2 protein chains.
Amino acid sequence: MAQAISDRRDVQFVLNEQLSIGGLCESEIYSDLNTKTFDLFMKEARNLAVKEILPTLKESDQQGCGFDNGKVTVPPSFHRAYKLLCEGEWLSVADDPEVGGQGMPIVLAAAALELFSGANLAFSIYPMLGHGAAKLVEHYGTDLQKKVYLKNMFTGHWGGTMCLTEPSAGSDVGALTTVAKRNPDGTYSISGTKIFISAGENDLVENIIHPVLARIEGDPEGTPGISIFLVPKYRVNQDGSPGEFNDVVCDRIEEKMGIHGSATCQLTFGPKGQCVGELLGEERKGMRIMFVMMNEERLNVGIQALGAASSSYLLALDYARQRVQGKHILSGKDGQGVPIIQHPDIRRMLIQMKAYVEGMRSLNYYTGMCMDRARVATGEDDRAKWQARVDLLTPICKAYSTEMGCKVCTDAIQVYGGYGYTQEYPVEQIARDCKITTIYEGTTGIQAMDLLGRKLAMGGGQVFLSLINDLKATVDAAAKIAGLEEMAKRVSAAADKLMETAQILGKSARGEKALAAFANACPFLEAMGDVILGWMHLWRAMVAAPKLAKIVGQKTGADLAAAVAANKDAAFYDGQVRTAAYFINSLLTASLGKMDAIQVGESAPVDMADASFGG
Amino acid sequence: MAQAISDRRDVQFVLNEQLSIGGLCESEIYSDLNTKTFDLFMKEARNLAVKEILPTLKESDQQGCGFDNGKVTVPPSFHRAYKLLCEGEWLSVADDPEVGGQGMPIVLAAAALELFSGANLAFSIYPMLGHGAAKLVEHYGTDLQKKVYLKNMFTGHWGGTMCLTEPSAGSDVGALTTVAKRNPDGTYSISGTKIFISAGENDLVENIIHPVLARIEGDPEGTPGISIFLVPKYRVNQDGSPGEFNDVVCDRIEEKMGIHGSATCQLTFGPKGQCVGELLGEERKGMRIMFVMMNEERLNVGIQALGAASSSYLLALDYARQRVQGKHILSGKDGQGVPIIQHPDIRRMLIQMKAYVEGMRSLNYYTGMCMDRARVATGEDDRAKWQARVDLLTPICKAYSTEMGCKVCTDAIQVYGGYGYTQEYPVEQIARDCKITTIYEGTTGIQAMDLLGRKLAMGGGQVFLSLINDLKATVDAAAKIAGLEEMAKRVSAAADKLMETAQILGKSARGEKALAAFANACPFLEAMGDVILGWMHLWRAMVAAPKLAKIVGQKTGADLAAAVAANKDAAFYDGQVRTAAYFINSLLTASLGKMDAIQVGESAPVDMADASFGG
């Protein structure tokens, strides 16, 4: 039977064969676990995704959220799925069992989120935000705050949000106007309006804990004056029991292109002057604190897009195998209709989708694995190295996965043809749902500025170089494997060109041509993503090629095809090598042109007068 | 005030300065016209688009079409707009006044369609199909058919459709199963079901004339056995008066991603055995005849996407000028908020959108102009040359404009950020509406196969070479203009590389590697589109640069900026030169990488076993 969401075999491959996550069990933190536990975990996560979340997909789109007099109702089918998620402790896969977590590696949290998002992206937003808000309390809360909030949040009984955006403070959070006024008892009265607050109000959870960015009266303008507050929907007594309504009012929910099941709320805090918040962490450290959640969510959003793309790919693949239409182009006049997977252009779209999905899977899981390495690190240098790697990769995981994820989702519509444009099939919905990922938690442009303006230069460029060094180690190893020599060369050359481009662009960004350089921030991020995916594919091929050779020996041509047809593993490994060849020889080759274009450094985008844009 | 649809100045520029359409008036056919008539025509078209069609946009999406017991209702606001369209003879801009046309050049029909589609793509489908069906009658109808049908169709009182697709015959039209049975009176009884029939049933028009592909009983399978029939919704008496219902039943309409205002119908012909059709043209020539309409509609669909992209660009531009968010990246801590057009990444998106929109405008109008040249040609060679040029460009106009059009529409959402994802602003709707254009009238993949499999080889490759020769003539002329030398070189080099790529790919397509070659058909089409747009931009710059120099002299830097700020024409022409620089130096440079990738000729897409795709 066709798989509905992320390819099971490929997920296993990345976890067990490419990243060898079993190695994590050598560390004390994960010493109670083993690969069997991991496999069981993934099986359960898939079950939940396929059997409980996936069935909510269509209703989620067609029914959407209800809004009536400040009350928001989620699609009815969400209740059961969310309850099961809570019961199974799926909100906090990688967290301490003491606060309601499963104590699993972070890489598995990434893999589970891919499954949940692939089943229904809109649904996945609720647990994702609840968890992120809980992590803030865990990191910065007082002992009392932890005691009161943590378990209810990690277990999903209480939800969470991220209250940053205001009507005139979107990408520019520092411009916010929400005010916090000190009360004599140490709490703060919060007043202001926040927009685009996902899960801001809903009937899934008993209470909602809003981390709210606001400015304490008298504090400076801009980012340095921002503090962060925990503002519950219902006040919480010190014993954790719910108290009275805290004057947080949902004024409206947005009508959107997609994710109709996700309530996007406008919230007013304290319309009656009765909204009380508790300071989280120190005053005026709000942005720094919120970034802990923001970084987690950026990685999560990349994985959401991966999940949407994974599902779109498998749907399109299944459709292409079933749908008979047209003759094989090499058949004569008397040719019979064939499944459209036999048509070269459909195959090109499918292998391209596969290459992006699998490359992004490797990238996102790898980044999760880096977080685990930081977690299990015994020395500070080691921990810092892996944390820096995560920091560098975060904008790429976010922006590249979401941009390419949207592309894959759109290609799925194209594979379906006219049917893909109808609501009879799910691909158009998934494409609409996925489009939010390039926007929320910082647009692609914001991520690209982060990469070019901050991340590339981290540690004097050493963090970037260290990544390239690891890539080169893969190149060296792959170059020794029969059949991969040419691919290894291409990846190496692309990495060299990326370094060259980074140097040129980085230098420009600090000089007179800064504006022109930043106009190339997005193209650079895309090129860097291409090169990293080239690395991931070479790595995959390096793992797969020897295993393929073990099964099929030195066969080529028709003999190889027969051997591949006869053995599932051979088919999988051969697919790995060929997908890598496609990505590296085609897509990565095209990417060299993108880098040439960046190196030209055309400044027209920033030199052109505003009036010359027309309109 | 901000312009709502296609930039007026740029439209004028292409018509009057780039293509110099006034020259057409030298021919006898257009001798009654002059550039003033043309300008007046464009002004009226814009008025109609902005004042009457644009206001239907939102209702069209939100209300959509109604379906009740076989009856389809269009969004109510369509009625007035359509009536005005008919009254002004806007359906048949370039047709003979004797049959209800305006007798204008075809290039102006293209320009008007851009405006109408930019105002509401879903609405534009009705007149577009009505006209296309009328052209079939004009080309292939008997005198009686012309007398009975033509005027009512050209004037829009009767609508038209294209009835090709069936549940198992989409891209593979030859597989259709609709049957035509000869009646003793020379008519045919039609029975069968057609799907995805735009405007198949609606309450806009008194009658609908369906050109239906069907197989006469006993005729051979596949394309060679297909004939085409005129099948009216209400039978038509020989005096043109409407007769009884012709047993054409709408069973359902599709729920779709977008174009909700366009009724996409499933039609059953003759459920009670009472559906009568008249043969159009000769028996078994149905496909050839339908291709006349198909080719017109393919060009129209490219223009629809251009219209959607034009509007998206202007909306995003206007938003970027109004929306204050964030500081200028070179400003210090005390910097004030600036309109987002000041941010380099927003400018990059805007200039890229501008470059695609304007390049596609030139391409699509140019192709309309080629049709005019064929029309006014006095010798057969000349006519054949321009018709061949149109045939070669048709798949590129269709596929490239729609793919890049969708990209522009998606980028518009990105410029708006979170607001763009909401239904409060029109850009998400336009993106959903535009997505159909890559699918209907032959998917991008079908266009690419047409280009690689047929069009490139037309006239032994001479048609392609003739196009490149004209491009090279522009290169030679541009190389002599100060400031354009480098751009001219790049366009020339890109054209050379395109020819090289075409040779390699064309040879592969005819040999053993045919499958792998056709897997590169879409990338090739895209690269060819890039090169042609490079040509169009160089041509634009060639026209603009001397005019700019005339206004601003030899000024550079701040002096130039001041001169440009002081003069609208200078701002426009400077924008032309800089947009060309951006397209040619950045986007066309990146395209060289795409061509390298095609030349590698990686065959993994077609070599990989079906099982290796996973799932």
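In the predicted model, the buried residues of helix α7(B) are Gln145(B), Val148(B), Tyr149(B), Leu150(B), Asn152(B), Met153(B) and Phe154(B). These buried residues pack against one helix element, α6 (121-140), and against the strands β3 (158-160), β6 (207-216), β7 (226-232), β8 (234-236) and β12 (276-279), which belong to chain B. The helix itself covers residues 143-154 of chain B, and because its twelve residues should span 16 Å at 1.5 Å a residue, the 16 Å found between its end C-alpha atoms agrees with expectation. Just after α7(B), the backbone of Gly156(B) adopts a positive phi of about 85 degrees.

One of the strands that receive the buried residues of α7(B) is β7 of chain B. Seven of the seven residues of β7(B) are buried, so this strand is largely enclosed by the rest of the structure. In a regular strand the side chains alternate between the two faces of the sheet. In β7(B), Ile226(B), Ile228(B), Leu230(B) and Pro232(B) point one way, while Ser227(B), Phe229(B) and Val231(B) point the other way, and all of these residues are buried. The strand β7(B) runs antiparallel to β6(B), to which it is joined by seven bridges, and within this pairing Leu213(B) has Ile228(B) as its bridge partner. A further antiparallel pairing, over two bridges, links β7(B) with β12(B), where Phe229(B) stands opposite Leu279(B).

In soluble globular proteins, nonpolar side chains tend to be buried together. For Leu538(B), when neighbours within four places in sequence are left aside, the contacts are Thr474(B), Val475(B), Ala478(B), Met487(B), Ala488(B), Val491(B), Ala580(B) and Ile584(B).

At the level of the whole chain, chain A contains 20 helices and 14 strands. Its radius of gyration is 25 Å, close to the 25 Å that the globule rule gives for 615 residues, so chain A is as compact as a globular protein of that length. Taken along the principal axes, the C-alpha atoms of chain A fill a box of roughly 80 × 60 × 55 Å. Buried residues make up 62% of the 615 residues in chain A, and of the contacts in this chain with a separation of 6 or more, 75% are between residues 24 or more positions apart. The domain assignment divides out domain 1 (8-154), domain 2 (159-288) and domain 3 (443-605) of chain A, and the centres of domain 2 and domain 3, taken over C-alpha atoms, are separated by 41 Å.

Ser310(A) is found in helix α8 (residues 286-322) of chain A and counts as buried because 30 C-beta neighbours lie inside 10 Å, where the cut-off is 20 or more. Although Ser310(A) and Ser6(A) are 304 residues apart along the chain, their C-alpha atoms are separated by 5.1 Å. Not counting residues up to four places away in sequence, Ser310(A) touches Ile5(A), Ser6(A), Glu114(A), Gly118(A) and Val357(A).

Gly445(A) is found in helix α13 (residues 444-455) of chain A and is likewise buried, with 26 other C-beta atoms within 10 Å. From C-alpha to C-alpha, Gly445(A) and Leu525(A) are 9.4 Å apart in space, while in sequence they are 80 residues apart. With residues up to four places away in sequence excluded, Gly445(A) touches Cys522(A) in its own chain and Asp345(B) in chain B.

Positive phi values also occur in residues other than glycine. Glu89(A), for which phi is near 55 degrees, is found in the loop between α4 (78-87) and α5 (106-119) of chain A; Glu89(A) is partly exposed, with 18 other C-beta atoms within 10 Å. Asp247(B) has a positive phi of about 60 degrees although it is not a glycine, and it lies in the loop between β9 (242-245) and β10 (248-253) of chain B. With 20 other C-beta atoms within 10 Å, Asp247(B) is buried, because 20 or more such atoms are required for that class.

Key: Residues are numbered from 1 along each chain as its sequence is written. Chains are lettered from A and ligands numbered from 1 in the order in which they are written. This is a predicted model: local features need pLDDT of at least 70, side-chain atom pairs count only at pLDDT 80 or more; totals for chains, interfaces and linings use all residues. Helices (H or I, at least four residues) and strands (E, at least two) are DSSP runs, numbered from the N terminus. The radius of gyration is taken over C-alpha atoms; the globule rule is 2.2 Å times the number of residues to the power 0.38. A residue is buried if 20 or more other C-beta atoms lie within 10 Å of its own, exposed if 12 or fewer, and partly exposed in between; C-beta atoms are placed from the backbone. Two residues are in contact if their C-beta atoms, placed from the backbone, lie within 7 Å. Domain bounds come from an automatic or database domain assignment. The expected span of a helix is 1.5 Å times one less than its number of residues. Two strands pair if DSSP finds at least two bridges between them.
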